[in-house]
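Hi,

Here is the structure I said I would pass on to you. Have a look at it first, and then read my notes below.

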Amino acid sequence: MADGTRTGAALRRWTIGVVTIAVSGAVMMPATAAAAPSTPAAPSPSPKPAAPKPGTPKPGAPGAPSSQAPAAPTKNPAPTSVAPGERIDILQRSLGGGRFESLQCTMGFAVTAPNGERLGVTAGHCGAPQQPVGVKKWIVGEVVQSASPKVEEDPKRPGHFSPTDPFQPDWATFRLTDPQVKLLASSPRIAPRTVGTARPGDPVCQLGSVNGYACGKVTKVMNDWVVTDIQTVQGDSGGPLIRTTDNAALGIITDAVTLTDRESGAVTQRLTQYYSLNAVLRSAGGAQLATR
């Protein structure tokens with residue numbers, strides 16, 4: 001990827017927020033965060049949840065949990081839409097008493113499945129099929145398909161997970177189950193018109209629900225993977241990457257990567273890795289990018 005040693009995969013790790021589901025079963029209210037994100041240069045997932053089980057997402061999804069708990073749940077206005085670059089929360093598991101672990105990610109693109117169903121795209125490490133998807137503290141959908149790299153716990157650092165192969169597919173689709181919420185194909189900053197193939201040197205921009213709109217250039221392309229010199233943070237996973245010259249959709253955010261000098265250990269570069277949207281559409285059975 002670049003001279004030096006790859007020392008970080010900062011997005012694929014547990015950083016968990018705890019949410020409470022109101023009696024209605026529709027509203028998600030944030031409660032005390034289980035942990036704060038660690039620094040990009042020395043990624044360390046925190047805290048360790050229960051051991052991963054089949055059918056649950058692999059440890060490593062990004063998080064930007066709330067740090068304060070309200071005195072009591074109150075109903076928030078229901079969302080009317082979700083668009084590329086907006087925050088989504090995926091519920092991981094029940095803690096009992098109406099409390100759930102939740103991971104924050106970002107919607108990437110809207111696509112149309114072969115059967116005509118409209119779906120949203122995000123990173124696969126964010127959630128597993130059938131897990132509920134929240135938008136603006138309301139449960140409005142569920143994960144449909146998901147694929148993500150296998151992860152292992154570092155025996156010397158309990159609670160710290162990393163992918164065994166960071167270049168395994170990392171994508172997911174989700175559907176909206178609330179008919180009052182629309183899945184939009186564009187946002188004020190992201191309006192894709194075609195699906196493109198990234199090339200080194202391409203001018204690009206990404207949109208994450210935490211780090212916002214950021215631009216740079218493509219530094220490397222490796223099969224279904226794209227690397228840029230844009231910096232990203234936890235919570236941005238799944239966010240869209242577009243080429244600015246033609247508004248072509250290129251991929252979704254999957255990893256923040258830190259490169260260090262082999263001898264001194266000094267950080268030499270911070271990059272972002274993406275999974276190609278072409279690969280997502282192919283893996284989703286021939287889905288097509290929605291532009292309207």
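Let's start with a pair of strands: strand 20 (residues 248-260) and strand 21 run antiparallel and pair over 9 bridges. Strands here are DSSP runs of E at least two residues long, helices are runs of H or I of at least four residues, and both are numbered from the N terminus. Two strands count as paired if DSSP finds at least two bridges between them. Within this pair, Leu259 has Gln269 in strand 21 as its bridge partner. The two strands form a hairpin with 6 residues between them, and Gly265 in the turn has a positive phi of about 80°.

Before you go further, a word on where this comes from: it is a predicted model, in which local features need pLDDT of at least 70 and side-chain atom pairs count only at pLDDT 80 or more, while totals for chains, interfaces and linings use all residues. Residues are numbered from 1 along each chain as its sequence is written, and side-chain values use heavy atoms, with hydrogens and water left out.

Now the overall picture. The chain has 22 strands and 1 helix. Of its 292 residues, 50% count as buried; that means under 20% relative accessible area, with exposed being over 50% and partly exposed in between (1.4 Å probe, protein chains only). The chain exposes about 12,400 Å², and carbon and sulfur atoms supply 50% of that. Those areas come from the Shrake-Rupley method with a 1.4 Å probe, and for residues only the protein chains shown count as cover. If you take contacts (heavy atoms within 4.5 Å) between residues at least 6 apart in sequence, 69% of them join residues at least 24 apart.

Back to the strands, this time from strand 16 onwards. Strand 16 (residues 203-208) pairs with strand 17 (residues 212-222) in the antiparallel sense over 6 bridges, and the two form a hairpin with 3 residues between them. Cys205 stands opposite Cys215 in strand 17. Strand 17 also runs antiparallel to strand 18, joined to it by 4 bridges. Here Val218 has Thr228 in strand 18 as its bridge partner. This is another hairpin, with 2 residues between the strands, and Asn223 in the turn has a positive phi of about 55°. Strand 18 then pairs with strand 21, antiparallel, over 4 bridges.

Which residue in strand 21 is the bridge partner of Trp225? It is Tyr275, and these two turn up again when you look at the rings.

Rings of Phe, Tyr and Trp (its six-membered ring) pair if their centres lie within 6.5 Å; planes under 30 degrees apart are stacked, over 60 edge-to-face, and the rest tilted. By this rule there are 2 aromatic pairs. In one of them, the rings of Phe167 and Trp225 have centres 6.0 Å apart and planes at 80°, so the pair is edge-to-face. Phe167 is in the loop between strand 12 (161-163) and strand 13 (171-176), while Trp225 is in strand 18 (residues 225-228), 58 residues apart. Phe167 counts as partly exposed at 34% relative accessibility, whereas Trp225 counts as buried at 3%. The rings of Trp225 and Tyr275 have centres 4.9 Å apart and planes at 55°, so this pair is tilted. It also links distant parts of the chain, strand 18 and strand 21 (residues 267-276), with the two residues 50 apart. Together, ring pairs link Phe167, Trp225 and Tyr275 into a cluster.

Pro149 lies in the loop between strand 10 (138-147) and strand 11 (151-153), and counts as buried at 1% relative accessibility.

Last, two loop residues. Is Gln130 buried or exposed? Gln130 is exposed, with a relative accessible area of 66%. Gln130 sits in the loop between strand 8 (118-122) and strand 9 (132-135), and its phi is near 75°, a positive value in a residue other than glycine. Lys136, in the loop between strand 9 and strand 10, is not a glycine either, yet has a positive phi of about 50°. Lys136 counts as exposed at 51% relative accessibility.

Cheers
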